[in-house]
Amino acid sequence: MTIIVTGGAGFIGSNFVFHMLNKYPDYRIICLDKLTYAGNLSTLAPVMDNPNFRFVKEDICDREAVYKLFEEEKPDVVVNFAAESHVDRSIENPEVFLQTNILGTATLMDACRKYGITRYHQVSTDEVYGDLPLDRPDLFFTEETPIHTSSPYSSSKAGADLLVLAYHRTYGLPVTISRCSNNYGPYHFPEKLIPLMVINALHDKPLPVYGTGENVRDWLYVEDHCKAIDLIIHKGTVGEVYNIGGHNEMTNIDIVKIICKELGKPESLITHVGDRKGHDQRYAIDPTKIHNELGWLPETMFKDGIKKTIQWYLDNQDWWEPIISGEYQNYYDKMYSNR
Ligand code: NAD
Ligand code: DAU
């Protein structure tokens, strides 16, 4: 089995590459990644010498490069993680989101049509469903919830999802889609809530909570997401969408307080800053379908996962220090000064 994993130098993609190489020693895993600001080759250092692994630095929008790779590798399966993934950046500059998330997806699927594959899997997000009100804890996103997006990021992901379903219906491409809630764990890029707060707290810097901090996210340990995708590509039904989430809803402010407590830092570091434009209130996944059909259940409880994650950032400063000392500083100043 040969699998092309796009975006494998990013947060979830790299965890998926490790999971697959570890679990299936006879599979060939090809990582196709453009190495944008969010992609890190150092993340993949532990597998670079594995004879079943190949890294290819290319853009999923580059048709010629993508076709060449399909000709060389003749993949059985493609799992598309490659995306611009940060909501705040999409609010500043939507265009690259449309380029990579929509046109890149179409280019990959065109290659799948041309060369033939057994499965194209699209890694999507619960954000395509928009948000739920804070005062209706009885409501959850199911696979039937209408697409109703809020940000340029989520709109680009929703556009991609619609294209994936259209390629299935129109061309018979054997596709599946997964829509997961917020992930956390090792190799999470420092711009995102949990690593940002851990790293700022370690430096005794202000912890910038958007608005009231009452917005709710549904957190899942990254390994559980990877295991769910593994199940879907092997046992999922072609043409179907699967929601992935572990019923672990938390407010942002509670997450930040937990991080302060774990690191022994004072809550006085918490600083309420201007809210995100169009900020989604609450995400909450109903994972009944993937549980009933594929037997998936999350294995890592948040109380254990957050400890492991914080410890990982303490033990791996040589991973994140170079990231936050470069271009990231300009980004941080632009997004957070005068907010
Ligand atoms: P990330 O930003 O950490 O990584 C994205 C990777 O894609 C990077 O390695 C980057 O270099 C690569 N990439 C970007 N543009 C590319 C292009 N044009 N061609 C090739 N490679 C390109 O993202 P992540 O958090 O790991 O998310 C991965 C996927 O999972 C995304 O599709 C995202 O929408 C989805 N998702 C993320 C979460 C989450 O909580 N992080 C939850 C649900 C779904
Ligand atoms: O739900 C899945 C989505 O989760 C993925 O599709 C996205 O790719 C991923 O980035 C994530 O999106 P969010 O916008 O939920 O994640 P983020 O870490 O950016 O923010 C989480 C919450 O924390 C959100 O309510 C905004 C808030 N926040 C974020 C940052 C970076 C803050 O209050 N302060 C911050 O500095």
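1. Let me start with K157 and ligand 1. In this predicted model, a polar side-chain atom of K157 sits 2.7 Å from an oxygen atom of ligand 1. Backbone atoms take part too: a polar one of F11 is 3.1 Å from an oxygen atom of the ligand, and a polar one of L35 is 3.5 Å from an oxygen atom of ligand 1. On its own ligand 1 exposes 840 Å², and 96% of that is buried by the protein.

2. An oxygen atom of ligand 2 lies 2.7 Å from a polar side-chain atom of T125. For Y153, a polar side-chain atom is 2.6 Å from an oxygen atom of ligand 2, and for H279 the distance from a polar side-chain atom to an oxygen atom of ligand 2 is likewise 2.6 Å. Ligand 2 has 680 Å² of accessible area on its own, of which the protein covers 95%.

3. The shell of ligand 2 holds 25 residues, with D126, Y153, R276, H279 and Y336 the closest. The shell around ligand 2 is made up of 11 nonpolar, 8 polar and 6 charged residues. Helix α6 and strand β8 each supply at least two of its residues.

4. That brings us to α6 itself. Is α6 largely enclosed or largely open? It is largely enclosed by the rest of the structure, because 8 of its 10 residues are buried. The buried ones are I194, P195, L196, M197, V198, I199, N200 and A201. Their cover includes β7 (183-184), β8, α8, α10, α11 and α12. After α6 comes D204, and its phi is positive, near 55°.

5. In soluble globular proteins, nonpolar side chains tend to be buried together. This core has 38 residues, and I194, L207 and I259 touch the most other members. Two or more core residues come from each of α6 (193-202), β8 (207-210), α8 (252-263), β13 (270-273), α10 (302-315), α11 (317-325) and α12 (328-336). Another core lies apart from this one; it has 35 residues, including I29, F81, V123 and I233.

6. Beyond its neighbours within four places in sequence, I194 is in contact with Y184, W219, I255, I259, I306 and T309. One of these partners, I259, is itself among the core residues that touch the most other members.

7. Neighbours within four places in sequence aside, R119 is in contact with D76, V77, V78, P174, V175, T176, I232, I233, G236 and V238. With T176 there is also a polar contact, 3.2 Å between the two side chains. As for E299, it is 180 residues from R119 in sequence, and the two are 26 Å apart in space, C-alpha to C-alpha.

8. Which residues does T2 contact, leaving aside its neighbours within four places in sequence? They are R28, I30, E73, K74, P75, D76 and V77.

9. Finally, please check K289. It is found in helix α9 (residues 288-294). K289 is buried, with a relative accessible area of 17%. Not counting residues up to four places away in sequence, K289 touches E143, E240, V241, Y242 and L294.

Terms used. Residues are numbered from 1 along each chain as its sequence is written. Chains are lettered from A and ligands numbered from 1 in the order in which they are written. This is a predicted model: local features need pLDDT of at least 70, side-chain atom pairs count only at pLDDT 80 or more; totals for chains, interfaces and linings use all residues. Side-chain values use heavy atoms; hydrogens and water are left out. A nonpolar core is a set of buried Ala, Val, Leu, Ile, Met, Phe, Trp, Tyr and Cys residues joined through side-chain atoms within 4.5 Å. Buried means under 20% relative accessible area, exposed over 50%, partly exposed in between (1.4 Å probe, protein chains only). Helices (H or I, at least four residues) and strands (E, at least two) are DSSP runs, numbered from the N terminus. Contact means heavy atoms within 4.5 Å. A polar contact is a pair of N or O atoms within 3.5 Å; within protein, one must be able to donate a hydrogen and the other to accept it, and residues adjacent in sequence count only if both atoms are side-chain atoms. Accessible areas come from the Shrake-Rupley method with a 1.4 Å probe; for residues, only the protein chains shown count as cover. A residue is near a molecule or strand if one of its heavy atoms lies within 4 Å of it. Ala, Val, Leu, Ile, Met, Phe, Trp, Tyr, Cys and Pro count as nonpolar, Asp, Glu, Lys and Arg as charged, and the others, Gly among them, as polar.
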